[in-house]
Amino acid sequence: MIYEERIRALSLLKDEGCKTWVSMEPYPTPNIVEQSLSWIITELWWIDKLVFGRWNYNKLVAQYKAHNAFYSECIDTVKDVCGHYGIKCLIKKGTAIENAD
C-alpha cells in the first residue's frame, strides 16, 4: 500500500471518530532521503498524535556529519508544527543527543 492510500485510510478512520496517530521512525538523515519534515506533518494536521524518532543502528546515518544537529533541528520542527496544529507529540528516547556533533 502506498503512503497516499495509508493516509486516506487513516483520514477515513478519523472522520469516523477514531483516535489517529502516526509513527515517524526511523526518520532518515538527508544523505539517505531528502524530504521536508514540516510539510509531511502539515499534511497530517488532523492527526491526534505523532511519534518521532531518529534512525539508529545504520552506518549511513553516522556518515552524515551533522546527524546529531540534524535530529535536534527535527525535534524543534516536530514540536513547533505539532504545537501549531494541536497534535500531541512524543519524541522517542535517544532521538536527542546532548553532545551534538
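This is a predicted model: local features need pLDDT of at least 70, side-chain atom pairs count only at pLDDT 80 or more; totals for chains, interfaces and linings use all residues.
How many nonpolar, polar and charged residues does the lining of the largest pocket have, by class? The lining has 9 nonpolar, 1 polar and 3 charged residues.

**Overall build**

The protein contains 4 helices and 3 strands. The C-alpha trace spans about 45 × 30 × 20 Å along its principal axes. Of the 101 residues in the protein, 30% are buried. Among contacts with a separation of 6 or more, 75% are accounted for by residues 24 or more positions apart.

**The sheet**

Strands of a sheet pair through backbone hydrogen bonds, and the pairing can be parallel or antiparallel. Here the 3 strands form an open sheet with parallel pairing, in the order β1-β2-β3. Its edge strands are β1 and β3 (88-91), each of which pairs on one side only. On average, neighbouring strands of this sheet are turned by 15 degrees against each other, if direction is ignored.

β1 and β2 run parallel and are joined by 5 bridges. W21 has K49 in β2 as its bridge partner, and Y27 stands opposite R54 in β2.

How much of β2 is buried? A residue counts as buried when its relative accessible area is under 20%. In β2, 5 of the 6 residues are buried, so the strand is largely enclosed by the rest of the structure. Helix α4, made of residues 67-85, lies across β1, β2 and β3. The helix runs at about 175 degrees to β2.

**The largest pocket**

The largest pocket holds about 520 Å³ of space. Its lining is made up of 13 residues, and those nearest the centre of the pocket are Y3, I7, V22, I40 and L44. Three elements, α1 (3-15), β1 (21-27) and α2 (37-43), each supply at least two residues of the lining. The element that gives the most is α1, with 5 residues.

W55 is found in the loop between β2 (49-54) and α3 (59-63), while G94 lies in the segment after β3. The table lists the relative accessible area of each.

| Residue | Relative accessible area |
|---|---|
| W55 | 25% |
| G94 | 38% |

Why do W55 and G94 count as partly exposed? The partly exposed class lies between the buried limit, under 20%, and the exposed limit, over 50%. W55 is therefore partly exposed at 25%, and G94 is therefore partly exposed at 38%.

Which residues does W55 touch, leaving aside its neighbours within four places in sequence? W55 is in contact with P26, Y27, P28, I32, V61 and Y71. One of these, Y27, is the residue that stands opposite R54 in β2.

Two separations place these residues further. W55 and E73 are 18 residues apart in sequence, and their C-alpha atoms are 14 Å apart in space. G94 and T42 are 52 residues apart along the chain, with 24 Å between their C-alpha atoms.

Notes: Residues are numbered from 1 along each chain as its sequence is written. Side-chain values use heavy atoms; hydrogens and water are left out. Buried means under 20% relative accessible area, exposed over 50%, partly exposed in between (1.4 Å probe, protein chains only). Contact means heavy atoms within 4.5 Å. On a 1 Å grid over the protein atoms alone, a cavity is a set of points where a 1.4 Å probe fits but cannot get out, and a pocket is an open set with protein on both sides within 12 Å along at least five of seven lines; lining residues have an atom within 4 Å of a point. Grid points are joined across faces, edges and corners, and a volume is the space filled by probe spheres set on the points. Ala, Val, Leu, Ile, Met, Phe, Trp, Tyr, Cys and Pro count as nonpolar, Asp, Glu, Lys and Arg as charged, and the others, Gly among them, as polar. Two strands pair if DSSP finds at least two bridges between them. Axes are lines fitted to C-alpha atoms, for helices over the stretch in contact, and angles run from 0 to 180 degrees between N-to-C directions.
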